[in-house]
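Dear colleague,

Please find below the structure that I am handing over to you. I would be grateful if you would look through it alongside the notes that follow.

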Amino acid sequence: KKAKGKSATVCGYPISIFFIVVNEFCERFSYYGMRAVLVLYFKYFLRWDDDFATTIYHTFVALCYLTPILGAIVADSWLGKFKTIIYLSIVYALGQVILAVSAIHDITDANKDGTPDNMGFHVALSMVGLILIALGTGGIKPCVAAFGGDQFGDHQEKQRSTFFSIFYLSINAGSLLSTVITPILRAQECGIHTQQKCYPLAFGVPAALMVVALIVFIVGSGMYNKTAPQGNIMVKVCRCIGVRKMNMEMSLLLHRSSQYPKRAHWMDWAEEKYDKLLIAQVKMVLKVLFLYIPLPMFWGSRWTLQATTMNGDFGILIIQPDQMQTVNPILILILVPIMDSIIYPLIAKCKLNFTPLKRMTVGMFFAALAFVAAALVQIQIDQTLPKFPSSNEGQAKFINMMNKSLPIKAGANHNFLLSQANEDYLTFDKPFELILGDGIPEMVSLSDGTRNTMVIVQDGVQPRPIAFKDITSKPEQGANAIRFLNGFASTVNVTVRNEDFGDIVTNNMSKYIAVPQGNAEFLIRNNAGQVCVYNQKFGFGSSYTYIITPTFAFGPNCQEGIRPVLDIRPNSIHMAWQIPQYFLITAGEVVFSVTGLEFSYSQAPSNMKSVLQAGWLLTVAVGNIIVLIVAEAATLPDQWAEYILFASLLVLVCIIFAIMAYFYTYIDPTKIEAQFAQKEPDEKQKRKSLEMARKDSVEHYKGDRRSSDSSSDSSSDEDDVIQQSKM
């Protein structure tokens with residue numbers, strides 16, 4: 001039953017869907033905007049370490065994709081979609097507000113030093129807020145799409161199909177804008193007593209957008225078609241399946257008596273207690289859920305770390321590695337209209353039967369091709385990466401701080417004349433003999449799996465090596481790992497932006513600091529207050545050791561006394577090479593995901609549309625879990641091999657899904673439900689007769705059993721029957 005609103009139509013579309021689409025845009029802005037800065041909030045505000053912050057983040061995301069089942073059950077069984085969206089949106093908005101309040105450091109900063117005095121209070125508020133957000137966003141997620149589909153009549157299938165495309169556009173438009181805007185808001189500084197990164201603003205704007213989403217949805221209330229819930233449908237479904245199981249066992253026990261003839265479908269065993277309409281609806285849901293089994297593999301298509309080893313300099317535009325992900329929603333905004341307005345109509349004119357399941361199969365194949373493209377790019381990247389030591393090797397680089405070139409012999413295979421620093425690291429798999437000039441040989445043992453810099457300094461009349469540990473991987477997030485070696489006669493202090501390398505004594509090395517791409521200004525100071533300004537432009541992913549030479553002097557030409565030593569080359573493969581794989585995965589997502597939303601709605605019975613939408617969303621959660629398991633279990637040494645593994649799994653799943661889709665029969669749930677509704681009175685009478693016959697049969701069986709108990713000759717036979725019934 002539907003409560004018909006008074007929604008007018010424009011170009012065949014109900015005006016009510018405008019409110020639903022705007023609501024979805026604001027809600028997705030709220031969710032993705034909050035999520036964009038969440039890990040940074042954990043790390044820099046709550047002071048959690050990387051591992052714990054990442055664990056809590058992924059737990060929260062997983063919870064957001066598991067709660068749709070709860071929201072769908074509440075909507076279809078109890079409150080209805082409209083009330084479920086309203087109530088859970090209030091919970092959602094409240095969670096966003098609590099999270100924004102938790103980020104105000106001045107609340108517990110009694111001594112006004114910029115650090116909260118009661119961090120536990122902020123952690124507790126944050127967790128309460130995130131739990132409410134997970135319940136809200138997950139609970140309304142399956143309801144909004146299904147509620148939008150309810151606004152169309154049976155004669156508006158084309159408009160409903162277009163609605164799901166527009167709906168998907170609004171999701172990606174909201175996520176695109178929010179992931180660009182909220183990091184900018186976070187970068188602002190705010191506070192009452194001390195100025196810090198403005199997390200309250202970064203969380204407050206998404207909270208405001210969620211309130212706007214709720215208000216917009218309520219404003220359209222009088223125009224909506226509202227489908228009333230039909231009782232606790234999930235309990236009925238479970239009981240129906242349970243009765244089916246009981247009747248099958250009873251049939252086996254009675255050796256297929258006339259009261260229990262063979263059934264065409266295994267769910268038909270529930271006919272004696274439940275009407276055929278409910279059984280038919282359960283069949284519809286189970287058919288689609290069975291079809292969902294291979295789908296989770298699609299959602300593993302992500303390669304966020306690959307961009308950190310690539311060059312994002314596009315000339316007039318510099319793209320950071322994490323910004324490359326915005327290519328996906330941008331392409332979605334472009335490709336969805338192209339697919340709906342050009343591609344699909346052209347296919348229809350060619351009289352090709354491009355059914356929804358065929359579209360989804362093509363989408364999975366595109367995703368597999370995207371992984372192949374990612375693997376080809378990764379192979380090119382790997383050729384530019386440095387060769388880091390294995391678990392049973394050590395590497396060394398030599399820097400000469402003396403005022404003359406020095407002959408060096410390292411092991412049996414390395415003899416060279418060192419003026420300042422050798423270009424590449426030398427690899428050793430066992431302790432080696434080191435001879436510096438005419439000095440005494442000494443044995444050097446490097447720790448396995450490490451890179452080391454051997455700084456050679458003058459010690460009296462003999463040169464002496466000093467070992468320092470180097471990084472053994474590319475810097476994270478495309479940053480540049482920079483450190484300073486002080487060969488100057490006095491202690492110096494080096495800073496860059498807001499980062500401090502600390503005081504560096506003579507012949508010592510500073511810590512590494514991650515410096516982002518672009519121009520960097522280093523300030524070198526001594527105890528006398530003199531300052532040297534050293535400017536350097538960086539690319540992506542390099543590592544440098546800057547030597548403050550013994551001849552360094554403060555003054556206008558101080559930069560001449562600083563020598564760079566390249567430890568890890570900057571990224572050279574351009575990020576533009578990722579565009580083909582993003583195009584393929586986005587094309588696959590548009591064909592797969594938009595069609596999947598529409599298919600889940602069109603094939604669902606009227607009383608379980610939210611449940612099937614939740615089942616669709618559950619494939620996302622399961623897919624991400626599968627990807628984590630496969631990635632951990634595979635333990636492949638090369639990243640490109642992992643991409644090929646995922647491509648192979650996608651092709652396999654694509655073939656399995658294509659076979660399943662071939663045998664799937666499309667249905668019209670509305671027509672089927674109408675047919676059963678006409679037959680319902682006769683079916684109730686027939687079901688009552690069958691129930692009476694079943695009871696008589698059971699009583700007859702019990703009477704025979706009591707009679708047989710008195711006969712010792714038949715005792716063994718009855719034991720066999722009872723044993724069979726227990727099985």
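Predicted model: local features only at pLDDT ≥ 70, side-chain atom pairs only at ≥ 80, totals over all residues.

I begin with the packing of two helices. Two packed helices are described by the angle between their axes and the distance between the axes. Helix H12, residues 356–384, packs with helix H15, residues 639–662, at an angle of about 170°, and their axes are 8 Å apart. Because angles over 145 degrees count as roughly antiparallel, H12 is roughly antiparallel to H15. The contact of H12 with H15 has 23 nonpolar residues, three polar residues and one charged residue.

I turn next to the salt bridges. Across the whole structure, a search finds nine of them. One joins the side chains of Arg28 and Glu24, at 4.0 Å from N to O. These two residues are four apart in helix H1 (residues 16–36), so about one helical turn separates them. Arg28 and Glu24 are both buried.

Another salt bridge, of 3.0 Å from N to O, is formed by the side chains of Asp150 and Lys81. This pair links distant parts of the chain, since Asp150 is in helix H6 (residues 119–150) and Lys81 is in helix H5 (residues 81–102), 69 residues apart. Asp150 and Lys81 are buried.

A further salt bridge, of 3.9 Å from N to O, connects the side chains of Asp567 and Arg483. Asp567 lies in strand S23 (residues 562–568) and Arg483 in strand S15 (residues 480–486), so this pair ties together parts that are 84 residues apart in sequence. Both Asp567 and Arg483 are buried. They also belong to a network of salt bridges that links Lys397, Asp470, Arg483 and Asp567.

Arg451 is found in strand S13 (residues 450–459), and its side chain makes a polar contact of 2.7 Å with that of Gln395.

Finally, I note two backbone angles. Most residues other than glycine have a negative phi. Lys351, however, has a positive phi of about 60°; this residue is in the loop between helix H11 (327–349) and H12 and is exposed, with a relative accessible area of 76%. Asn507 also has a positive phi of about 60°. Asn507 lies in the loop between strand S17 (499–504) and strand S18 (508–509), and counts as partly exposed at 29% relative accessibility.

Yours sincerely

How values were computed: Residues numbered from 1 in each chain as written. Heavy atoms only, no water. Axes fitted to C-alpha atoms, helices over the stretch in contact; angles between N-to-C directions. Parallel < 35°, antiparallel > 145°, perpendicular 65-115°, else oblique. Nonpolar A, V, L, I, M, F, W, Y, C, P; charged D, E, K, R; others polar. Polar contact = N/O pair within 3.5 Å; in protein donor to acceptor, adjacent residues only side chain to side chain. Buried < 20%, exposed > 50% of the residue type's maximum accessible area, 1.4 Å probe, protein only.
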